[in-house]
Amino acid sequence: MFGPLRNSIPGSLLAKAVTVSTTALSLAGPLSGVAHADIPGANGVYTGCYSRVTGSLRVIDFEAGQRCRTLLGENTVTWSQTGPKGATGATGATGPTGSAGATGATGATGDTGAPGATGATGATGDTGAPGATGATGATGPAAPQPILGQFIATQIVRDATLTCATTTVTATNTSCSGPQINGLDIRLAGIEAQAICNAVTGQGFSTASGSGAAAVPYVIWTGTAWTLSSVGATPMLHLSCNR
């Protein structure tokens, strides 16, 4: 009749407790003043108070705030109106696939709408008079070309313009005094001297000298390109390359 009790009742008193619970259910309305619809609770659970002294069991409306009298030796017990859920049954076999329905008839083609009227072509505008021919610009200076084997006043060195204040050339050596890259000082270091000499003569540098401090910014060679720097350095004032 009832689900399993949530708290235990001594086995010798279980039959008596169930009998008392049935009587309590029938009397709960008139004795307690609680509507019958409140027992069991909304979740289908009965709540009762089992007396350890007398072995009696009375049903209470727990959701209405009623509680067992623990000081008088009562324990709270609960049981479900609904029994435990049974095991899930095995999945039934899949039914056979129904036959395909007949293809519906093709609907009639609707009428073609009438084409709209073609708009009138606008008049052609007048042709504008040709503008006057601009004057021919002055011919720019020829791009400086590198000359392999010696320094000249201006030449391309590794995608930058190298200028020399003065140059000299002998059978085994060529020199550049006051060298600059794109109008800027060049750091005095072996990597810059070697990069310039390799580009001009295909040989290593012979000597390089300088003094003072380079104007900021100045250029340095990174190994792949010229770049600007502002860290203190001595400028290259004279460079000699082997031929």
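Guide: Start with a pair of residues. This is a predicted model, and in it Leu162 has Ile181 of strand E8 as its bridge partner.

Visitor: What makes E5 and E8 paired strands?

Guide: The cut-off is at least two bridges between two strands. Strand E5, residues 160-163, and E8 have 2 bridges in the antiparallel sense. That meets the cut-off, so E5 and E8 count as paired.

Visitor: Which sheet do they belong to?

Guide: An open sheet of 3 strands, in the order E4-E5-E8, with antiparallel pairing.

Visitor: Why are E4 and E8 called edge strands?

Guide: Strand E4 (154-157) and strand E8 (180-181) each pair on one side only.

Visitor: How many salt bridges are there?

Guide: The count comes to 3.

Visitor: Why is the contact between Glu74 and Arg58 called a salt bridge?

Guide: The rule asks for a side-chain nitrogen of Lys or Arg within 4 Å of a carboxyl oxygen of Asp or Glu. The side chains of Glu74 and Arg58 meet at 3.1 Å, N to O. That lies within the limit, so the pair qualifies.

Visitor: Is Glu74 buried or exposed, and how do you know?

Guide: Buried means under 20% relative accessible area. Glu74 has 6%, so Glu74 is buried. Arg58 has 28%, which lies between 20% and 50%, so Arg58 is partly exposed.

Visitor: What makes Arg58, Arg69 and Glu74 a network?

Guide: Salt bridges link them. Glu74 bridges to Arg58, and Glu74 also forms a salt bridge with Arg69, with the closest N and O atoms 3.2 Å apart. That too is within 4 Å, so the label holds. Arg69 is partly exposed, at 43% relative accessibility.

Visitor: How do you know that Arg187 and Glu192 form a salt bridge?

Guide: Their closest N and O atoms are 2.7 Å apart. The limit is 4 Å, so this pair passes.

Conventions: Residues are numbered from 1 along each chain as its sequence is written. This is a predicted model: local features need pLDDT of at least 70, side-chain atom pairs count only at pLDDT 80 or more; totals for chains, interfaces and linings use all residues. Side-chain values use heavy atoms; hydrogens and water are left out. Helices (H or I, at least four residues) and strands (E, at least two) are DSSP runs, numbered from the N terminus. Buried means under 20% relative accessible area, exposed over 50%, partly exposed in between (1.4 Å probe, protein chains only).
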